[in-house]
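The sequence and structure come first.

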Amino acid sequence: MKNFLIAKQEWITTIFRVGFGGFLLYAGGLKAFDPAASANATAAYKILPTDLAHIAGYILPWFEVALAIFLILGIFIRPAAIASALLMLMFIGAIASVWARGMLIDCGCLGGGGAIDPSKATEARIAYAVDIARDIAFVGMCLYIFKYPYGKFSIDKKPETTTQASEDQE
């Protein structure tokens with residue numbers, strides 16, 4: 001299995017980069033074009049003061065879109081992977097906080113967001129678990145991308161090793 005992963009590393013990196021980048025582009029794009037809903041969804045978490053939450057709600061979608069572009073194109077791969085992992089950890093913490101406080105909100109991960117009807121409490125709690133599990137998987141993907149940043153179809157290219165460079169000079 002290890003040999004397979006090593007042999008296919010460039011393709012695994014590419015699939016993770018483009019797949020996760022595509023998700024970020026979709027999620028960020030939905031929110032970027034409805035900034036008021038994004039701001040209200042961020043405020044619904046009641047973690048930040050309302051004004052600061054609204055500012056974050058306006059900025060976060062564009063940050064997601066920028067990270068998505070970096071990952072999909074394969075530029076600034078390692079910084080984008082770390083920033084994306086930290087973003088996902090922040091989302092995990094926010095969702096876990098809402099869940100622990102017994103709040104019922106739509107996370108706003110894919111647009112929308114805000115309070116949920118109390119009759120849908122079970123669905124909300126299942127959604128929290130699913131969202132956290134998804135974001136944990138994304139953190140894992142980001143860590144893999146950080147460790148193995150060079151895949152197919154990226155603008156950033158793997159630097160030549162010093163052994164290869166010295167052999168070329170001879």
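Aspartate 131 is buried, with a relative accessible area of 11%; buried means under 20% relative accessible area, exposed over 50% and partly exposed in between, with a 1.4 Å probe and protein chains only. The model is predicted: local features need pLDDT of at least 70, side-chain atom pairs count only at pLDDT 80 or more, and totals for chains, interfaces and linings use all residues. Residues are numbered from 1 along each chain as its sequence is written, and side-chain values use heavy atoms, with hydrogens and water left out.

The side chain of aspartate 131 forms a salt bridge with that of arginine 134, at 3.3 Å from N to O. A salt bridge here is a side-chain nitrogen of Lys or Arg within 4 Å of a carboxyl oxygen of Asp or Glu. Because aspartate 131 and arginine 134 are 3 residues apart in helix α6, about one helical turn separates them. Arginine 134 also meets aspartate 135 in a salt bridge, at 3.0 Å from N to O. Through shared partners, these salt bridges join Asp131, Arg134 and Asp135 into one network.

The structure holds 4 salt bridges. One of them pairs the side chains of glutamate 64 and lysine 31, at 2.8 Å from N to O. Side chains of opposite charge can pair when their charged atoms come close.

## Helix α6

Helix α6 spans residues 121–147, which is 27 residues. Helices (H or I, at least four residues) and strands (E, at least two) are DSSP runs, numbered from the N terminus. From first C-alpha to last, α6 reaches 39 Å, close to the 39 Å expected at 1.5 Å a residue; the expected span is 1.5 Å times one less than the number of residues. The buried residues of α6 include Ala121, Ala124, Tyr128, Ile132, Val139, Met141, Cys142 and Ile145.

Aspartate 135 lies in this helix and counts as buried at 1% relative accessibility. Setting aside residues up to four places away in sequence, aspartate 135 touches Met88, Phe91, Ile92 and Ile95. Contact means heavy atoms within 4.5 Å.

## The nonpolar core

The largest nonpolar core has 35 residues. Such a core is a set of buried Ala, Val, Leu, Ile, Met, Phe, Trp, Tyr and Cys residues joined through side-chain atoms within 4.5 Å. Two or more residues come from each of α2 (9–32), α4 (50–73), α5 (77–100) and α6. The most, 11 residues, come from α5.

Phe20, Leu24, Tyr45, Met88, Ile95 and Ile105 have the most contacts inside the core. Methionine 88 is in contact with Phe20, Leu24, Asp135, Phe138 and Val139, leaving aside neighbours within four places in sequence.

## Aromatic pairs and a charge over a ring

The whole structure contains 7 aromatic pairs. Rings of Phe, Tyr and Trp (its six-membered ring) pair if their centres lie within 6.5 Å; planes under 30 degrees apart count as stacked, over 60 as edge-to-face and the rest as tilted. The rings of phenylalanine 23 and phenylalanine 138 have centres 4.8 Å apart and planes at 45 degrees, so this pair is tilted. Phenylalanine 23 is in helix α2 and phenylalanine 138 in helix α6, 115 residues apart. Both phenylalanine 23 and phenylalanine 138 are buried.

Tyrosine 144 and tyrosine 148 form another tilted pair, 4.9 Å centre to centre with 50 degrees between the planes. Tyrosine 148 is partly exposed at 34% relative accessibility. Phe16, Tyr144 and Tyr148 make up one aromatic cluster. Separately, the charged end of arginine 78 sits over the ring of phenylalanine 146, 5.2 Å from its centre; the criterion is NZ of Lys or CZ of Arg within 6 Å of the ring centre and within 35 degrees of the ring normal.

## Positive phi in two loops

Lysine 46 is not a glycine, yet its phi is positive, at about 55 degrees. Lysine 46 is found in the loop between α3 (35–44) and α4, and counts as exposed at 59% relative accessibility. Phenylalanine 76, also not a glycine, has a positive phi of about 50 degrees. The loop between α4 and α5 holds phenylalanine 76.
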